[in-house]
Amino acid sequence: MEEKAAVKKVVIFGATGSIGTQTVDVVKQLGGFEVVGISFGSNIEIASRIMRDLGVEYYFSKKDIGFGKRCQSVDELLEKTSPDIVVCAIPGFEGVKTTFSALRYAKRIALATKEALVCAGPFVKDLARENNVELIPVDSEHSAIFQLYEPHIEKILITASGGAVRDVPLERISELKPSDILKHPTWSMGGRITVDSATMVNKLFEVIEAHELFNLEYGRIDVKINRLSFIHGIVFLKDGVIKIHAGKPDMRIPIAYALTYPERKYHSYVADVEEFDLTLFDVERERYPLFFYGLELTKDNDDLAWRIALNAADEVAVNAFLNREIMFTDIEKVVRMTIEYILKQNISVQSIEDVYEIDNLARSYALKYVEKEVKK
Ligand code: NAD
Ligand code: MG
């Protein structure tokens, strides 16, 4: 007789967001997973719906939803629920902190929060190794490479859509408002990552994420534009074989894979040949200056300090842009100035405490810079 697989206990961090709610969809279709706890920021309505819909027992949030068991901290949520899998889907530095908590309790992390690898990659990987936690990427490009991965790799390629500015005449980019930038051509995602797609800071994060996840030198990671986000990743093997991972852009597919790996259980739309878009374009230098600025920094600086500053400053700048305090093109200024300031301090990051300290330092510098220099 076939043994019935045990139900896997799942905790979702950032349950009410784009990745969080799509995880809920996936869990419902798959079966065999029980969502035992969620965390969220402020959307009580969606959180209540998820709790009721899936019969979730525990939650952590600054807001009280009036039923279920409310925990006082993320750690308490993890202690009470002992999850097999934690889906980390909180953006920004808050996401980094909560990923560290997950690393102490989970057997597997389905990692959407790329910021954790950008700001603290080596520490995240050490903790995962020490605590025997499987780290499975949710980011579509990294899920693609993860699925194609084998030794003997010459190089990899990840794709970008080019975000909301890709077809806008260069001289008009500075006039773009949050509502223009939030119109992503291929994916529907949270605010921060949608703005980051337009500056391609998101792709810079993803190059760093790939460098950390697959232990590849930066010189072996290439980026091209694929307008329909049909190709997600390509692996070039030393024997000349090229493996391409493609499919319609739908985050539920990599989310499901991170939950069911090494099995594949999710059912989704299968594209027809007529829908294949295999054309790749170069990334335009003048259109995405921050992306190229960051790539330059990866070349001779393997320290974490500038990466932490990049995340902190970008978080501050994107918020200010979404609050209509600065222009779209000011994001670049805030990020560059903050990174230059942090690099001047010559701090080498030796511990997780150092990561927190530099985040703090960079964040306050960026906030001050926005206030003094660029605010309209
Ligand atoms: P989102 O803005 O849609 O959702 C964020 C979630 O985190 C919400 O539930 C929000 O309540 C919660 N949250 C925010 N701040 C919080 C805080 N301080 N404490 C507790 N909860 C908090 O974001 P998203 O698009 O789902 O992205 C989540 C992460 O996944 C990001 O790191 C992003 O880069 C990554 N990611 C997203 C996509 C995508 O398609 N959306 C794709 C790849 C990677
Ligand atoms: Mg991605």
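Biologist: Which residues does Ser197 touch, not counting residues up to four places away in sequence?

Modeller: A contact means heavy atoms within 4.5 Å. By that rule Ser197 touches Gly162, Gly163, His184, Met189 and Asn202. This is a predicted model, where local features need pLDDT of at least 70, side-chain atom pairs count only at pLDDT 80 or more, and totals for chains, interfaces and linings use all residues; side-chain values use heavy atoms, without hydrogens and water. Residues are numbered from 1 along each chain as its sequence is written, with chains lettered from A and ligands numbered from 1 in the order in which they are written.

Biologist: Which residues come nearest to ligand 1?

Modeller: Thr16, Ser18, Gly41, Glu115 and Gly190 do, out of 21 residues around ligand 1 (a heavy atom within 4 Å).

Biologist: Which polar atom of Glu115 lies 2.7 Å from an oxygen atom of ligand 1, side-chain or backbone?

Modeller: For polar contacts, look for N or O atoms paired within 3.5 Å. Glu115 uses a polar side-chain atom, 2.7 Å from a ligand 1 oxygen. Gly41 has a polar backbone atom 2.7 Å from an oxygen of ligand 1, and for Ser18 a backbone N or O atom is 2.9 Å from a ligand oxygen.

Biologist: Why does ligand 1 lie between domain 1 and domain 2?

Modeller: Because domain 1 (8–137) and domain 2 (140–249 + 268–299) both give residues to the shell around ligand 1; the bounds come from an automatic or database domain assignment.

Notes: A polar contact is a pair of N or O atoms within 3.5 Å; within protein, one must be able to donate a hydrogen and the other to accept it, and residues adjacent in sequence count only if both atoms are side-chain atoms.
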